[in-house]
Amino acid sequence: MAVEYGWWLVYCLTGVLLLYCLFELHYFLRMCLCVFLARFVKRKCHILETTSVSGICLTNDIDTLLYHMNNARYLRELDFARVDFYERTNLYRTIVGKGGSVFQGAATVRYRRFIRPFCTFRITSKIIYWDDQSVYMEHRFIRPSDQFIHCIAICRQRIVDCSAEDVMNELLSPKTAQLQASRNTLSSTVSLDHAIASTNVDQDMAENGQVRTKVKPDLPPEILKWIEYNDISSKNLRQNS
């Protein structure tokens, strides 16, 4: 009997080893945890709020020099930040509800200072602009101790089979805003007011909790230049293909 249990243990360990070899099991498990926390534990957020997730640079995140976090890991960490934002703002559900889907269309990263091994960081995520096809998000890697920004990333979330304008209009509608406000705490209301002010979105908060959106954020100049670069790149690729 002991020998039989020993073989079952060997089979189980072999199966786990194969899973780690064939798939990045840690990535999938952490993604499932992020979805669970965002959907069932963390509070819901307004679509214009800034969300935040925490992370730490571990030994499997550092580069070959064992000196700082690998540059590619920054983009990987953004996957967890985005899924947290999608779930807490109902952005993904709204897109799917309209028969659409979303994927990463482009990204640009500006590194400012290393994240050392075993150092913690916080990733903030917010929408800074949108058009009919895409939603543009800004992510910041922030050091909690002094709020220093290690890195800034701009990502274009391409929405297909539905209009990004329609998605955002639904999430900004008075009915949706009132539902979100009923779920939020006082602190989230304060952060929403700050988000509205920082994005130059003119809104009126009525006594019954409804929000009326008048305009969307102005197109930031750096995003305008980035969109122009992406358009030029796309045209060049189409001409050379």
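Ser134 is buried, with a relative accessible area of 0%; buried means under 20% relative accessible area, exposed over 50%, and partly exposed in between, with a 1.4 Å probe and protein chains only. The residue belongs to strand E4, residues 134-142. Helices (H or I, at least four residues) and strands (E, at least two) are DSSP runs, numbered from the N terminus. The side chain of Ser134 makes a polar contact with the side chain of Arg156 at 2.7 Å. A polar contact is a pair of N or O atoms within 3.5 Å; within protein, one must be able to donate a hydrogen and the other to accept it, and residues adjacent in sequence count only if both atoms are side-chain atoms. Beyond its neighbours within four places in sequence, Ser134 is in contact (heavy atoms within 4.5 Å) with Arg156, Gln157, Arg158 and Ala164.

The model is predicted: local features need pLDDT of at least 70, side-chain atom pairs count only at pLDDT 80 or more, and totals for chains, interfaces and linings use all residues. Residues are numbered from 1 along each chain as its sequence is written, and side-chain values use heavy atoms, with hydrogens and water left out.

The chain holds eight helices and seven strands. Of its 241 residues, 40% count as buried. Among the contacts with a separation of 6 or more, 71% come from residues 24 or more positions apart. UniProt, in an unreviewed entry, lists residues 6-29 as "transmembrane region". UniProt positions are given in the numbering used here, feature names are shortened, and annotations may be inferred rather than shown by experiment. In the model, residues 6-29 are 92% helix and 0% strand. The end C-alpha atoms of this stretch are 27 Å apart.

Five strands form an open sheet in the order E1-E3-E4-E5-E2, with antiparallel pairing. E1 and E2 stand at the edges, each with a single partner strand, so one side of each has no neighbour in the sheet. Neighbouring strands are turned by 25 degrees against each other on average, direction ignored. Axes here are lines fitted to C-alpha atoms, for helices over the stretch in contact, and angles run from 0 to 180 degrees between N-to-C directions. Two strands pair if DSSP finds at least two bridges between them.

E5 is mostly covered, as nine of its 12 residues are buried. Nine bridges join E5 to E4 in the antiparallel sense. Within this pairing, Val135 has Gln157 of E5 as its bridge partner. His139 stands opposite Ala153 in E5. The hairpin of E4 and E5 has six residues between the strands, and Gln147 takes a positive phi near 65 degrees there. E5 also pairs with E2, antiparallel, over 10 bridges. Phe103 stands opposite Arg158 in E5.

Asp161 is not a glycine, yet has a positive phi of about 70 degrees. Its loop lies between strand E5 (149-160) and helix H5 (164-171). Asp161 is exposed at 63% relative accessibility. Phe118 also has a positive phi of about 70 degrees and is not a glycine. Phe118 sits in the loop between strand E2 (101-111) and strand E3 (120-130). Its relative accessible area is 57%, which counts as exposed.

At the start of H5, a side-chain oxygen of Ser163 reaches to within 3.2 Å of the backbone nitrogen of Glu165. In H5, Ala164, Val167, Met168 and Leu171 are buried. They cover an arc of only 90 degrees around the axis, which puts them on the same side of H5. The arc is that of the directions from the helix axis to the C-beta atoms.

Trp226 lies in helix H8, residues 221-240. At 11% relative accessibility, Trp226 counts as buried. Neighbours within four places aside, Trp226 is in contact with Ala106, Ala107, Thr108, Tyr136, Ile154, Cys155 and Arg156. Trp226 and Thr108 are 118 residues apart in sequence, and their C-alpha atoms are 8.8 Å apart in space.

Asn70 lies in the loop between strand E1 (51-56) and helix H3 (71-89). Asn70 is partly exposed at 29% relative accessibility. Not counting residues up to four places away in sequence, Asn70 touches Asp61, Ile62 and Asp63. The C-alpha atoms of Asn70 and Asn60, 10 residues apart along the chain, are separated by 9.1 Å.
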